[in-house]
Amino acid sequence: MRGRSGVYRAADAPPVPVLFKGGAKGIFMSDIRPSATSIDPREIDQFSRIAETWWNPRGPMATLHKFNPVRLGFVRERAAAHFQRDVKQLDALSGLRMLDIGCGGGLLSEPLARMGASVVGADPAERNIAVARAHAEQTGVAVDYRCTTAEDLAAAGETFDIVLAMEVVEHVVDMPAFVKTCAGMVRPGGLMFAATLTRTLKSFALAIVGAEYVLRWLPRGTHQWDKFVTPRELEDALLDAGLTPERPTGVIYHPLADRWQISNDTDVNYMVVAEKAA
């Protein structure tokens with residue numbers, strides 16, 4: 001059946017299996033923070049297994065390395081405009097406190113810190129945080145990396161000018177609850193950014209079958225199609241959490257140029273920014 005957003009639900013997916021490499025018995029239980037309800041242990045296992053490859057532009061994270069300039073530019077431009085900064089300045093984000101939730105190895109946290117932001121990079125996988133800390137130490141970039149969860153940060157009363165949930169909402173157990181937790185940490189007048197994949201047959205064909213099984217851009221099992229989030233679903237979650245989202249911005253891959261770029265097409269990848277009233 002189709003939902004109110006007009007896209008197919010999980011029951012409509014073609015019968016191509018999405019496997020978790022190594023199976024459930026391979027979960028690194030010591031790497032998992034067990035306290036938060038939004039965490040899916042299988043997802044933590046998947047990314048823990050490839051933690052050492054985060055900063056290898058030719059490894060399993062190669063696609064994310066190519067995608068990174070697009071999402072970084074999106075965050076920089078929207079944040080600079082919102083907080084009345086000069087986007088051309090190297091320290092355009094100076095003085096802003098930012099949370100990169102689900103930071104992985106720090107591919108987004110580090111460049112944001114280089115722009116002057118005070119960044120907290122949080123991830124529930126200890127291996128990811130270890131890799132992120134080691135790389136930041138090597139490059140001399142100051143990032144406050146923590147092995148923790150959105151729920152734990154919120155419970156501790158942490159607040160931020162900007163909260164980032166980039167390529168995260170499609171990996172959590174309860175997306176609306178996770179969004180509400182993140183939104184609760186946004187200071188009045190602040191912003192929340194999210195980047196994810198929408199649940200359409202096109203995204204199944206490209207992001208699952210194409211990227212994981214045919215082209216092998218990503219390890220098999222990186223994504224579960226039934227957990228993809230439509231723009232309408234994410235918009236509803238943001239509104240219910242007290243934020244006002246802008247129209248989603250699509251991102252597409254340009255094969256001839258071998259790069260990702262901003263687009264009006266939100267059928268596969270898209271990003272959203274939402275504001276909390278001052």
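A search of the whole structure finds three aromatic pairs. The model is predicted. The protein has eight helices and nine strands, and 54% of its 278 residues count as buried. Among contacts with a separation of 6 or more, 68% are between residues 24 or more positions apart.

**Aromatic pairs**

- One of the three pairs joins F67 and W260: the ring centres are 5.3 Å apart and the planes stand at 80 degrees, over the 60 degrees required, so this pair is edge-to-face.
- F67 belongs to helix α2 and W260 to strand β8 (residues 259–263), so the pair ties together parts that are 193 residues apart in sequence.
- Both F67 and W260 are buried.
- Another pair is formed by Y253 and W260, with ring centres 5.4 Å apart; the planes are at 55 degrees, so the pair is tilted.
- Is W260 buried or exposed? W260 has a relative accessible area of 12%, which is under the 20% cut-off, so W260 is buried.
- Y253 has a relative accessible area of 23% and is therefore partly exposed, a class that lies between 20% and 50%.
- Through ring pairs, F67, Y253 and W260 are linked into a cluster.

**Helix α2**

- Helix α2 covers residues 62–82, which is 21 residues; at 1.5 Å a residue it should span 30 Å, and its end C-alpha atoms are 31 Å apart, which agrees.
- At N68, α2 bends by about 35 degrees.
- After α2 comes Q84, whose phi is positive, near 55 degrees.

**Nonpolar cores**

- In soluble globular proteins, nonpolar side chains tend to be buried together.
- The largest nonpolar core has 33 residues, of which L93, M98, L112, I162, L164, M166 and F193 touch the most other members.
- At least two residues of this core are supplied by each of α2, α3 (109–114), α4 (126–139), β3 (144–147), β4, β5 (186–197) and β9 (269–276).
- Which element gives the largest share of this core? That element is α2, with six residues.
- Not counting residues up to four places away in sequence, F193 touches F74, V75, R78, A79, I162, V163, L164, A165, M166, V272 and V273.

**Helix α6**

- Helix α6 consists of residues 175–184, and M175, F178, V179, T181, C182 and A183 in it are buried.
- The N-terminal end of α6 is capped by D174, with a side-chain oxygen 3.2 Å from the backbone nitrogen of A177.

**E158**

- Where does E158 lie? E158 is in the loop between α5 (150–155) and β4 (160–166).
- The relative accessible area of E158 is 17%, which is under 20%, so E158 is buried.
- Side chain to side chain, E158 makes a polar contact with R97 at 2.9 Å.
- Leaving aside neighbours within four places in sequence, the contacts of E158 are R97, R146, L153 and M185.

Terms used: Residues numbered from 1 in each chain as written. Predicted model: local features only at pLDDT ≥ 70, side-chain atom pairs only at ≥ 80, totals over all residues. Heavy atoms only, no water. Helix = DSSP H or I, 4+ residues; strand = E, 2+ residues; numbered from the N terminus. Expected span 1.5 Å × (residues − 1). Bend = angle between axes of the 7 residues up to and from the residue. Phe/Tyr/Trp six-rings, centres within 6.5 Å; stacked < 30°, edge-to-face > 60°. Buried < 20%, exposed > 50% of the residue type's maximum accessible area, 1.4 Å probe, protein only. Polar contact = N/O pair within 3.5 Å; in protein donor to acceptor, adjacent residues only side chain to side chain. Contact = heavy atoms within 4.5 Å. Core = buried A, V, L, I, M, F, W, Y, C linked by side-chain atoms within 4.5 Å.
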